[in-house]
Every structure is written in C-alpha cells, then in structure tokens.
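The sequence and structure come first.

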Amino acid sequence: MTHQEREQYWQQQVTEWQTSGLSGMAFCKQQALTYHQFAYWRQKLLASASSTKEPVAGFATVAYPNTVIANEIDVSAP
C-alpha cells in the first residue's frame, strides 16, 4: 500500500468516525482498528485540514466587567 493509499484509507476511517457519534476507542473496537494508528492519523489529517483553511479576519468583542479603564488599549494583529 502506498503512502497515498494509506492516507486515503485513514481519511475514510476518520470521516466515518466523525459521523458515527462514537468515541475514538469505541469506533476502533467496532471497526477492528488499532487505536494508536487511528489516533496518529486522526491528528495528522485533522491538523493538515485545519492548516489549509484561510485565516478569518474580523472584529473581536472586548468586555470589561464593572471596571473603568482610563488608559488606551493598543491591539495589534500578528
């Protein structure tokens, strides 16, 4: 099995797990998968999926609980 085939296989397993409503361990027992392999690929695939998303720009709401602020606040984006 090539690396690409393994990645496709595990992507399918992770997708099925996400829709199953089961914990990772229960899903692995049901599908006769090795949990540590599943956890490795789940982390790898979900991390790569989140890193390909574009950053979201916008405004953030800042709330100060019953405090009077007398100084200016500088907010800068990285």
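## A buried tryptophan and its partner

Trp10 counts as buried, at 7% relative accessibility (buried means under 20% relative accessible area, exposed over 50%, partly exposed in between, with a 1.4 Å probe and protein chains only). Tyr9 is partly exposed, with a relative accessible area of 33%.

This is a predicted model, in which local features need pLDDT of at least 70 and side-chain atom pairs count only at pLDDT 80 or more, while totals for chains, interfaces and linings use all residues. Residues are numbered from 1 along each chain as its sequence is written, and side-chain values use heavy atoms, with hydrogens and water left out.

## Helix 1

Helix 1 covers residues 3–20 (helices are DSSP runs of H or I, at least four residues, numbered from the N terminus). Its buried residues are Trp10, Gln13, Val14 and Trp17. Seen down the helix axis, they fall within an arc of 100 degrees, so they line one face of helix 1 (the arc is that of the directions from the axis to the C-beta atoms). Gln4 and Thr19, on the other side, are exposed.

Just after helix 1, Gly21 has a positive phi of about 80 degrees.

## Aromatic rings

The whole structure holds five aromatic pairs (rings of Phe, Tyr and Trp, the last by its six-membered ring, pair if their centres lie within 6.5 Å; planes under 30 degrees apart count as stacked, over 60 as edge-to-face and the rest as tilted). Tyr9 and Trp10 form an edge-to-face pair, 5.2 Å centre to centre with 85 degrees between the planes. Tyr40 and Trp41 are also edge-to-face, at 5.5 Å and 85 degrees.

Trp17, Phe27, Tyr35 and Phe38 are linked into a cluster by ring pairs.

Methods. Helix = DSSP H or I, 4+ residues; strand = E, 2+ residues; numbered from the N terminus. Expected span 1.5 Å × (residues − 1).
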